Amino acid sequence: MALPLIYNLRSVRVRWASTSIAVLGIAGVVAVFVAMLAMARGFKETLVASGSPGNAIVRRGGSLSEMESVITLDQVRVVADAPGVMRNAEDIPLLSPEVVLIATLPQKNKGAHALVQLRGVSERALEVRETVKIARGRCFRPGIAEVVVGKNIAHTYRNCNLGDTPRFGGREWTVIGILDSGGSAFDSEIWCDAILLNQTYNRPVYIYQSATVKMTSPDALFEFKQALTADPRLTVDVERERDYYERQSQVVTTMIRVFGSLIVVIMGIGAVFGALNTMYSAVAARFREIATIRSLGFGSGSIVLSFLCESIFIALIGGVIGCIAALPLNGFTASTLNFQTFSNLAFAFQVTPDLLLQGMLFALLMGIGGGLFPSLRAARVPVAIALREL
Amino acid sequence: MRTAGRQIVKFFPFILANLFRKKTRTILTVGSFAVALFLFGLLATIDTTFTGGVEVAGADRLVVLNKSSLAQPLPFSYRDRILQIPGVKGVTFAVWFGGVYQNERNFIPIMAVDTDGFKEMYTEFAIADEQWDAFVRDREGCFVGRSTATKYGWKIGDRVPIKGTIYPGVWEFNIRGIYDGTRAEDDTTQFWFQYGYLDERKQFLKGMVGWYMVRVVRPEDDIHVAAAIDQRFANSAYETVAETEKSFLAGFVKQIGNIRLIIISVGSVVLFTLLLITGSTMAMSVRERTGELAVLKTIGFTDAAVMLLVLAESLLYAVPGALIGLALAKLFTLRGDPTGGLLPFFYLDPDRMLMGFGLALAAGIAAGIIPALLAMRLRIVEALRRV
């Protein structure tokens, strides 16, 4: 079937004013669509990146998060001896019992206070989590009021840079190092000695909230979990660290997704309306031209397809502009309260090629939605009558 | 101008006929208005979700927390000591329990509460006296909010097993009462049970509570009372931080910060774009009829009358569109929270609906004013020559 495509493309150019409104509408929708997806993706990836597939996290049975969990020192020892736990050169099990608390610290720019996750860790914490590195300074010494802070903490909160002495838990701490975990949730945390943290907050000293274990291999999880679940001394939940952190992202990610898609769908309908208007008036203004094309021998099917192509072409231009508009968002850092951990988390938007592709697909859909009925109308133009008109 | 106004009323059928001349375009334009206003309604609802609670907060209530950290407890003995502080009218406390029903997806905000002062503190909840008495008499009793009861199909007398996430094990409760909110924005998702039962059964942190709520005698003294409370417990093992319920909740809202800002600003941009599209449609429809408008002027319509005709037409797109959009948004929010229960506040405020309607009117006028002015200034001779 022959298509008068050149004709359509040229008319898009000639009618640029009304075309640009439709293009603008679709570009806006696609930009927002990609931005929302990038935000949800960024938030999730930040948390997922915190967990390593080779690590397991042990919490008290039934607790949904570390915040709610309790693990005693006796239990930690049992966990350390379980099969599947990796040991270092000195044959010490790679396990970090940890305490998680929330502190309120003043932010730099707004002066408002925000909730920050404090993590009391053991000296093995950095060996267990290979992705976390001390970027500057050194690690804290056990028993001394020293902290290492995530790199986001250092530049978001007042008095939290290397050498500063922030105050929480009723005492001053010295920032002795800056952590870099490559953009994961640990970059929004403050780490210090677990036992000292417990003492500072009037908590029993040998009570922890979770134990993170480095396994001999990612496949060792099954064996490790079996051993712990079968042990009558323990009632614990064992989870791959990556799965645990992914779960911690669910509430916020779902919220962004649901609200984002609602907004985007509504916008999409609005943009289709705009496209419909543009296409209908484009068709109405070109009755004579259409009739001429028909009398040149193009069938009604060709007309439908060619007008549909015109509409899709308009939509795809909009899509490309929208994607380009969303691109600078890549890496944009936002922060929000994660309801599941009850603390602030900084995350970076992630605009990835598959999200852009989804944006273009969405544009294509809008093009079809906005072009189908007008192109059917174009095909029904009565040739003789339209030609006779002025 | 007044005669022009009278003419508008008289020529209402004429305006309508104009609207129905191009049915598709009219439907699409009214439709875009409806879509824009639906979006507005939705954004307003999202905004209330995030700021929610701040407006709900009691003006004469203070929250007293452990100073070192939100999640740290305070001793039960503080209750009587807070009551002695001048300006305090009542005090109650609660402990966050945290629990799930059946599985992790069914998370319920459960609190162990003080049976003495709790009901008096939260006067915004409609609590039947006999139900409350039954609740107080039953050690394993619980009181649940209407929306939670409806969600799980619970009724008074049911025995429900709850899996504790902070306090381990399965806890069984007898439902002794169901409370309602007195306002649409009140949170009816909560689940309360007796603090005594928790303290008896828990194995750690005995005699500790989560937070205190304090009612002050005079709301304007709240800052002083809060300072007095903090002063009272300064330099103790459990220092406190007391603040008004409003500022406590507002602190949370501030932290949600970016996401809320992003959603709201994105939505506003969209709203603007939709209105732009609508405006251009209207301009298009006026341009097409330049000749007709000239004819109207020729047969004696004044400039003002022609202008008002065009403006009225524009408003006739906006008003029904806005009404449809807002009605749909209201219906949508009545169906409940689309995230499946993650949000305690999800409702469309009537004030916001009015605001939306005002916005639509303004947009209708803004979209119509330029074509209307053009129509008014139209010179008959030139316009007729163009045809």
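**Reading the two chains**

Reply: Gladly! Let us start with chain B, where buried residues make up 41% of the 387 residues. This is a predicted model, in which local features need pLDDT of at least 70, side-chain atom pairs count only at pLDDT 80 or more, and totals for chains, interfaces and linings use all residues. Residues are numbered from 1 along each chain as its sequence is written, while chains are lettered from A and ligands numbered from 1 in the order in which they are written.

Me: Why is Gln203(B) called exposed?

Reply: A residue is buried if 20 or more other C-beta atoms (placed from the backbone) lie within 10 Å of its own, exposed if 12 or fewer, and partly exposed in between. Gln203(B) has 9 C-beta neighbours inside 10 Å, so it counts as exposed. You will find Gln203(B) in the loop between α8 (195–201) and β12 (208–209) of chain B. From Gln203(B) to Tyr167(B) there are 36 residues in sequence and 8.4 Å in space, C-alpha to C-alpha.

Me: How do you know which parts of chain B have the lowest and highest confidence?

Reply: By pLDDT, the predictor's confidence in each residue, from 0 to 100. In chain B, helix α1 (residues 2–10) is lowest, with a mean of 67, and strand β11 (residues 191–194) is highest, at 94. The average for chain B is 83, and 89% of its residues score at least 70. The model scores ipTM 0.71 and pTM 0.76.

Me: Why do β5 and β13 of chain A count as edges?

Reply: The open sheet has 9 strands in the order β5-β9-β6-β10-β4-β3-β12-β1-β13 (chain A), with mixed pairing. β5 and β13 (236–240) of chain A each have a single partner strand, so one side of each is left without a neighbour in the sheet. Further along the order, strand β1 (residues 55–60) and strand β12 (residues 210–214) of chain A share 4 bridges and run antiparallel, with Ala56(A) opposite Val213(A).

Me: What makes β14 and β15 of chain A a pair, and what do they form?

Reply: 6 bridges join β14(A) to strand β15 (residues 343–348) of chain A, antiparallel. They form a hairpin with 4 residues between them, and Phe342(A) in the turn has a positive phi of about 65°. Asn338(A) has Ser343(A) as its bridge partner.

Me: At what angle do α2 and α12 of chain A pack?

Reply: α2(A) and helix α12 (residues 353–379) of chain A pack at about 145°, with axes 9 Å apart. Axes are lines fitted to C-alpha atoms, for helices over the stretch in contact, and angles run from 0 to 180 degrees between N-to-C directions. Residues in this contact include Phe33(A) and Leu37(A) of α2(A) and Phe362(A) of α12(A); two residues are in contact if their C-beta atoms, placed from the backbone, lie within 7 Å.

Me: How many residues does each chain bring to the contact between A and B, and of which classes on the side of chain A?

Reply: Chain A gives 48 residues and chain B gives 47. The largest share of the side of chain A that touches chain B, 18 residues, comes from α9(A). That side of chain A has 29 nonpolar, 17 polar and 2 charged residues. Here Ala, Val, Leu, Ile, Met, Phe, Trp, Tyr, Cys and Pro count as nonpolar, Asp, Glu, Lys and Arg as charged, and the others, Gly among them, as polar.

Definitions and conventions
Pairing = 2+ DSSP bridges. Helix = DSSP H or I, 4+ residues; strand = E, 2+ residues; numbered from the N terminus.
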